[in-house]
Structures are given as C-alpha cells and as structure tokens.
Amino acid sequence: MSQENSPGSAQVDVTVVGASLPASEAILTAEALAFVAELHVKFNSRREELLAARTARQARIDAGETPGFLTETEGVRTSSWQVADTPDDLQRRWAEITGPVDRKMVINALNSGSDVFMADFEDANSPTWANCVEGQHNLFDAVRREIRLEDEARGRVYELNEEIATLLVRPRGWHLVEKNVLVNGEPVSASLFDVGLYVFHNAAERQRRGTSCYFYLPKLESHLEARLWAEVFAHAEKALEIAHGSFRATVLIETILAALEMEEILYELRDYSAGLNAGRWDYTFSAIKKFAKNADTVLPDRAQVTMTTPFMRAYTELLVRTCHKRGAHAIGGMAAFIPSRRDPEINEQALAKVRADKERESQDGCDGTWVAHPDLVSLARGIFEEATGGAPHQKHRMREDVSVSAEQILDVGVPGGTITEDGLRTNIDVSLQYLNAWLLGNGAAAIYNLMEDAATAEISRSQIWQWIRHRAKLEDGRPVTRALYQEIRDEELKRLGEYGPGRLEESAEILDRLILTDDFVEFLTLIAYDYLN
C-alpha cells in the first residue's frame, strides 16, 4: 500500500510494504503514518550521524583508546540540578515485569500484581511485521481497558483486573529500522516508528486518564543520543498538543560507554527523566563487544559473570548514587529465572539466588527491580517493601560512600574465572535455540528455566567469537577454535533437530555468519532481521 502525506510543509511519500493485517486499519491510519514520517524526516539524519559516531568511537577503542568520564561535560557533573518530579503512578516501582507485546502477555503482565509492566518492542520481541503492528493494537486496547482475549482451547477469557500495573513501553533501539515502512524510499527508523505510533494513538487518551506516555529507552551509548530522544519527545508533545514534560523516560544503562555518562544522560532528559535501570545482560554484552579485540578483557563462562563481579558491581553502585543525587529512581536488573512447576529442587535453588540478588539490590539503595515471570513478582515486591519500610522508594539514600572511577568500570574481567567446554556448548546451544525461536516469531524464549532474549543471546554468540579470536583456552588446555565451534555446533544441531521442525538450519547459518568472521558484527538482529517477514 502506498500513500502520500504532507507532514508540515514538506511532501513526503510513505509506503507500507508490509502485508495488510487485522490491526492495520486501526493502527496504520494515514494520519498516524504521516506523524511517523514527520518524526523520521526531522530526526533521522541526526540518528544516522550518531550511529556514525558510534562506529568512529569503536574504531578508536579498537586502536587502543581508553574511554573515560568526559572532560567537556564536567560542569554537568559538578553543578546542582534535579530531574523533573516523578508522576504519582511512577513513584512506586518495587517490582517491574517485562515481556513482549502479544495480547495474552500484555493482559497477564498488567494483571500480575507488579507495579510496572514494560511492554517490549525490543529485545523480548521478535520484530516480525505482525508482532510490531498487532503489538501496537494490543497497547491501544490496553490503554482504553478494552483488551480481551478468548482462548477457546482452554475455555478461558483474559481481561484486565480493576488494578493493573503502570504501563511503560520500550521501543527498538536507534540502530534498527522498520523495513516494512518506507519514508521517501528508505526504511523508517524503528525507534521513531514504535514511539510515533504509540504516542499518536495514545497520548491524549493517557492524559485523559490522569497519566501519560512512559518509556524505557534502550542501548544508548552517549548523552547525545539521550538529547535526541529529548528532542523527539518535545516535538511530539508540541505536535500532539500535550504539555511539555508530560512524557517520562527511564534509560537502560546497558552499555559500558553509557555508564561513563550517566549524569549527562539524566541531564539531557531532565524534563523527562524517570530514572535509570541496570540492564545487566546487555551491559555484559557491551563489555564484550566494546573490547572484543582486546585479549585482556576475555570473559569466562557467562554464568560466572555475576552482579558481584567487581566491574559489574562498580557500575550498579554508581548508578544508584547518580540517580539519587539527581532525584531519579534507580531500578535494579533482571531476574531471568522461570519457575518450574515440575521440579521443586530447581525452584528452591534458583529462588534462593533470586532472593539474594534482590536483597543485594535493595540494600544497595535501588528503588525497585525487574522480573521476567509473574511468579517472582510477590518475592521482589516483598523484599523492596521491607527495604523501603513501605515507602514508595528510597531516593533519600544518597550513597555518598560510593566512589567509582572510570578504571573500575573498565576493568572488565572475572577474577578466577574459567572457560569450560560446558560453557562453550551452552553458548552454542542457547544461541541456536534462541535464534530458532526468534525466527519463529518469539523474542522471549524459556530455555533451561531462564528467560532468554536478544541480550542474553548476544552474550553467548559474542563470547564464542572472542574466545576464537584470542584462542582462549578451555580448562583442559584446548584452545577454542573455529573447528571446535563447528564440531560442537553440528552435535547440538543434531540433538536439537530431534525435538521437531523449526528454522534451525537458518539459525545455524546466522550463527556462522556471526562467529566465523574476522569482523565483529555489532548486533545479531542486524543480520537476523533479513530472515523475518
């Protein structure tokens, strides 16, 4: 379908090349597409400049440059300022549940008893055209409390409870495009597509209901990228006649470079800032990726990279201090465990780890945390309710005892860590299983009682690449080589193929393209997206 629109004074051609879907009529209206196109025309060139800046900075790091706190923004870090006041329905964020935007998930997550539901168009969502458009329609209905699902096979009807979680939306990152919509012949920015459709359809309705559009912003690498989001929000509010500063955004600190610019990121978004989140899985991936060519930063088996590892602990403690210094919420990381209804022993062991993790976060001063499954909501809420004494947050804890240097953040490694054949095999196995699920349209896959999303798959495949590049040694002395990778990959493919049909052959092809290359591929989704409809 093709149509011409005139956002502002410019003639803009908007072409929808994706198939017509049941939700298309309600979501992909001429007015909504014109609004998205307006955002793209106004902001895409700056987006591309910032992505080019990422590439240039990576080249400097590969050549030996050591990042650090920015000298040019020292005034921001030393001056006195606070972020905007927190809206009432974002004051308490003890437990936040995350998940993709399919209809059943949206209903169950909003009903889960959590304080916040982050509806995810990003790492937990396989960005098929249907998932993205139907996901917008699901949020449209949820905002109006009209969302409903009849499951005839189970004889169940899913509807919203009277009390539901506060809705936040995570759009796709700046690096991604939506290939099914072209603006003047080029794919639209996926970030602007996701945010544009959501606010166009829902900003006024959210305001009418005494709330507003709230977001989680992923994958930022600098405060300049945060500034662009602030500009997008300001423009959208003005265009939609919403009061300036109504939108709110929590930024995921999930890249190691963003950890060096946390205050600056809050400052750029200060009219919109609702806090920062310790996005632990992407952060681990970022630590590998940014220093992938440095033999001194090779990490051990991914299970050994915990939140008590010194470089991980340094950034999370700095995050709490930074947020509370500026009046923002500090949100802890993901508990990815999926409770088993068949194995009480697994549950007992895993829940003990989840409890210890959440108690550490609450004791550090975090105001809330993330969980991936409804069965973990009460555990997380109980821990944070006790830590805060029932108060909605603990922003009064300034953590002035924390002093973190750039060197501590950049000291990537795990003392005493080891690389094992089991770790290598698990990375290959999980990568293949996740890619297969992703190609089948599922971006949040339960694998071995863990909720795997794109971030955890990124850790697995990036570790394999780095281990091969630096001929890392297994515990038994064998080097990790391409041949060893291929041998184990074939064994895992044979084993997984016994479980039924899927897209494992294409998954292996994608994984080979990620692993068997001299150049590190920045994101697996940049390759895998070509395989999606």
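User: Let's start with helix H4, residues 103-110: which of its residues are buried?

Analyst: Buried means under 20% relative accessible area, exposed means over 50%, and partly exposed lies in between, using a 1.4 Å probe and protein chains only. In H4 the buried residues are Met-105, Val-106, Ile-107, Ala-109 and Leu-110. Helices (H or I, at least four residues) and strands (E, at least two) are DSSP runs, numbered from the N terminus. Keep in mind that this is a predicted model, where local features need pLDDT of at least 70 and side-chain atom pairs count only at pLDDT 80 or more, while totals for chains, interfaces and linings use all residues. Residues are numbered from 1 along each chain as its sequence is written, and side-chain values use heavy atoms, with hydrogens and water left out.

User: Moving to the strands, how many residues of S13 are buried?

Analyst: In strand S13 (residues 329-335), 7 of the 7 residues are buried, so S13 is largely enclosed by the rest of the structure. Strands count as paired if DSSP finds at least two bridges between them. S13 pairs in the parallel sense with strand S12 (residues 273-278) over 3 bridges, and Asn-277 has Ile-331 in S13 as its bridge partner. S13 is also joined to strand S14 (residues 368-371) by 3 bridges, and these two run parallel. There, the bridge partner of Met-334 is Trp-370 in S14.

User: How does the chain get from S13 to S14?

Analyst: The chain passes through helix H11 (residues 344-364), and this β-α-β crossover is right-handed. That label means that, with the strands pointing away from the viewer, the path from the first strand over the helix to the second runs clockwise.

User: And S12, how many of its residues are buried?

Analyst: 6 of the 6 residues of S12 are buried, so S12 too is largely enclosed by the rest of the structure. S12 pairs with S11 (248-253) in the parallel sense over 5 bridges, with Val-251 standing opposite Leu-276 in S12. From S11 the chain crosses through helix H8 (residues 262-268) to S12, in a right-handed β-α-β crossover.

User: How should I read the span of helix H15?

Analyst: The expected span is 1.5 Å times one less than the number of residues. H15 (residues 454-469) has 16 residues and reaches 22 Å from its first C-alpha to its last, close to the 22 Å expected. H15 is mostly covered, with 15 of its 16 residues buried.

User: What caps the N-terminal end of H15?

Analyst: A polar contact is a pair of N or O atoms within 3.5 Å; within protein, one must be able to donate a hydrogen and the other to accept it, and residues adjacent in sequence count only if both atoms are side-chain atoms. The cap is Asp-453, with a side-chain oxygen 2.9 Å from the backbone nitrogen of Ala-455. After H15 comes Arg-471, whose phi is positive, near 45°.

User: Where is Arg-145, and what is its phi?

Analyst: Arg-145 sits in the loop between H5 and S5. Its phi is near 60°, a positive value in a residue other than glycine. Arg-145 is partly exposed, at 36% relative accessible area. Glu-241 likewise has a positive phi near 60°; Glu-241 lies in the loop between helix H7 (223-239) and S11, and counts as exposed at 75% relative accessibility.

User: How many disulfides are there?

Analyst: A disulfide is a pair of cysteine sulfur atoms within 2.5 Å, and by this rule the count is 0. Cys-132 is in no disulfide, with the nearest cysteine sulfur, that of Cys-213, 18 Å away. Cys-132 is buried, at 0% relative accessibility, and Cys-213 is buried at 0% as well.
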